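Have the model open while you read.

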Amino acid sequence: MSVKKDVEKMFPGDGELTEMCDRDQEIYKAGVQKFSQLGWKRLTIVLIVEAVALGSLSIPSTFATLGMVAGVICCIGLGLIAVYTSYVIGQVKVKFPHISDYPEAGRQMFGRWGYEVLFMMLCLELLLSAGSHCLTGAIAFTNITGSNLCSVIFGFISAIILLLFAVPPTFSDMAILGYIDFASIIIAIGITIIGTGVEASNSTGLQAVNWSAWPKDNLTFSEAFIALSNIIFAYSFALCQFSFMDEMHTPTDFPKSVWALGLTEIFIYTVTGALVYAFVGQDVQSPALLSAGSLLSRIAFGIALPVIFISGSINTVVLGRLVHGRVFKNSNIRFINTKMGWITWLGLVTVLTILEFIVAQVIPFFNDLLSLISSLFISGFTFYFPAIMWFMFIRGDETSTGKKMVFGVLNVCILIIGLIILGAGTYSSVVDIIKSYDNGTVGGPFSCSV
């Protein structure tokens, strides 16, 4: 059988094939196969790589702000909501297979303007998230080396490493690195928990640690919402789910990945936040690895380097695929399996990495950066957009009136939560950023302090 007939059999009704020469058809066939190799287990790993990273490092300081009780409730409650909205996204993807990313979901909801708005939102969110990893890399290298070298240099080194990890364009390739990523963060968190626990026992004793079940004294509205936003950032895996599922060979397997990731995240975040806060108390730092003491902190940061850069680079890959796929939508170049495909891909991820480095230098504050990302973008991708999608696409599939009413109320609540996060969270982040600059607690753009 000819290549043309073979491809037409595999991809019936694809108008692109009719205008292709045999060589182009071979490239097309190889490209589609290349981006259709993700199973549910690898999807889980990719989601873990994208999700279980910086979020876990900010949770203990969130507990210090909100208190043990509210911290645990928020970690579990927001985690379960994120699992549900991720399930809704999976339902939408299965119902509309042509939705390849979140902007395409925006087109399905609101037409062309929906695509453009969500495209810009997703690009900015991924750029800021990758920038936060570049910032964390600079913090890690500064802590590990203990040198007085300008942090901008460490930021530049971090950017180069992020670029190298972003070279593989497929998520199935990233999943291989994901096993290293997951082991890295688990070991780093384990060292932090054990180190802070031993240090607390040897110094004042665990009973003397100044942790509290209740929010800290004189807690302001902006402080509380920034703490809440950091938990929301930790559950931000939904924004890349359309892109990841687009590479699945069996998309209907997605619930296994969603539940596996969700329960893993809830467990890791709750245990990490509660134990580190109980061992360190109100003085816990963010990222949490800074609280393990001088030596253990260096060791923990060294072990955490893979998660900092692998998880950061996957944001670059998703962003690069989003832009590259749009620019070369009607060309085989989009498959990145030709010389021109690789040239354009490498050029694009290089430009994106430079922008991420600039972001890390212009916004040199860890918690406020995560909070700003959560408020502006994750509030939509994880909360109010999935709720809207349920009403538009899933509600009509429910045959039970009782279930339809229950899920209707649930999605209204999720919609309201998302809008509150968008408004109040953005306000709180801006107020705290201004306060930090006024108090001189952060350095200026491209300064030698992080």
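1. Arg-326 sits over the face of Phe-119, 4.6 Å from the ring centre. Arg-107 does likewise with Tyr-115, at 4.2 Å from the ring centre. A charge counts as over a ring if NZ of Lys or CZ of Arg is within 6 Å of the ring centre and within 35 degrees of the ring normal.

2. A word on provenance: this is a predicted model, where local features need pLDDT of at least 70, side-chain atom pairs count only at pLDDT 80 or more, and totals for chains, interfaces and linings use all residues. Residues are numbered from 1 along each chain as its sequence is written, and side-chain values use heavy atoms, with hydrogens and water left out.

3. Searching the whole structure gives 17 aromatic pairs (rings of Phe, Tyr and Trp, the last by its six-membered ring, with centres within 6.5 Å; planes under 30 degrees apart are stacked, over 60 edge-to-face, the rest tilted). Phe-156 and Phe-357 are edge-to-face because their planes stand at 80 degrees, with centres 6.2 Å apart. Phe-156 belongs to helix α8 (residues 151-165) and Phe-357 to helix α14 (residues 339-362), so the pair ties together parts 201 residues apart in sequence. (Helices are DSSP runs of H or I, at least four residues, numbered from the N terminus.)

4. Buried or exposed? Phe-357 is buried, at 14% relative accessible area, while Phe-156 is partly exposed at 48% (buried is under 20%, exposed over 50%, partly exposed in between, with a 1.4 Å probe and protein chains only).

5. Tyr-235 and Tyr-269 also pair edge-to-face, 5.2 Å centre to centre with 75 degrees between the planes. Both tyrosines, Tyr-235 and Tyr-269, are buried.

Technical notes:
Helix = DSSP H or I, 4+ residues; strand = E, 2+ residues; numbered from the N terminus.
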